[in-house]
Amino acid sequence: MKTKLIAVICIILLSTTHSFSQSETLENNNFQFGEPEHLLDGYSMNFQYQNGTAIHMAFNNGKAKYKWLVGPAKGNGNQDISYRSRKIGENLYLINWHEIDKNDYLTIVFDFDKMIVHSSIIIGYKNEAKRTLQTVFRSGIIDHLKK
């Protein structure tokens, strides 16, 4: 009986301690959840994907723009695209945007220490005959980075 009582008390103490630790917030947590952040404003770069295509991308005033430099889409691009970003590590950023006019949704990770980019893109999500659904999951190398 004594062993069971000690076990129950330990469980209660552990669960209480665990619940308090879950509700604590770190003082240096500055995230504004739900608020768009534009941490890459002022950045511009080129990057080349593993398949040989290359793109120029720039960020200013909460907007992204890009232009294809090499590949089948050379010369094509878009601008004035509202983007969101999060800093997820030292010189490591997660961004996303929705190109409503093209029915595309992009999520990109920039690693400026390793100078690499990782992209996950849904192209033509409405899956129309003129622009069928495609998904892209590629990595590439960043160059000509300007901050």
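Tutor: A residue is called buried when its relative accessible area is under 20%, exposed when that area is over 50%, and partly exposed in between, with a 1.4 Å probe and only protein chains considered. At 10% relative accessibility, Tyr43 counts as buried. The model is predicted, so that local features need pLDDT of at least 70 and side-chain atom pairs count only at pLDDT 80 or more, while totals for chains, interfaces and linings use all residues. Residues are numbered from 1 along each chain as its sequence is written, and side-chain values use heavy atoms, with hydrogens and water left out.

Tyr43 is placed in the loop between α1 (2-23) and β1; helices (H or I, at least four residues) and strands (E, at least two) are DSSP runs, numbered from the N terminus. Contact means heavy atoms within 4.5 Å. Not counting residues up to four places away in sequence, Tyr43 touches Met57, Ala58, Phe59, Tyr93, Phe112, Leu145, Lys146 and Lys147. One of these, Leu145, is 102 residues from Tyr43 along the chain, yet their C-alpha atoms are separated by 7.2 Å.

Aromatic pairs come next. Rings of Phe, Tyr and Trp (its six-membered ring) pair if their centres lie within 6.5 Å; planes under 30 degrees apart count as stacked, over 60 as edge-to-face and the rest as tilted. By this rule there are 11 aromatic pairs. Among them is the edge-to-face pair of Tyr43 and Tyr93, with 6.3 Å from centre to centre and 65° between the planes. This pair links distant parts of the chain, since Tyr93 belongs to strand β5 and lies 50 residues from Tyr43. Tyr93 is also buried, at 8% relative accessibility.

Tyr83, in strand β4, is buried at 1% relative accessibility. Its contacts beyond four places in sequence include Glu37, Leu40, Asp41, Phe59 and Trp97. Trp97, for its part, is in contact with residues including Met57, Phe59, Tyr66, Tyr83 and Asp104.

In soluble globular proteins, nonpolar side chains tend to be buried together.

Two charged residues already named as contacts take part in salt bridges. A salt bridge is a side-chain nitrogen of Lys or Arg within 4 Å of a carboxyl oxygen of Asp or Glu. Glu37, a contact of Tyr83, meets Arg86 in such a bridge at 2.6 Å, N to O. Because Glu37 lies in the loop between α1 and β1 and Arg86 in strand β4, the pair ties together parts 49 residues apart in sequence. Asp104, a contact of Trp97, forms a salt bridge with Arg131, the closest N and O atoms being 2.7 Å apart. Asp104 is buried at 6% relative accessible area, whereas Arg131 is partly exposed at 31%.
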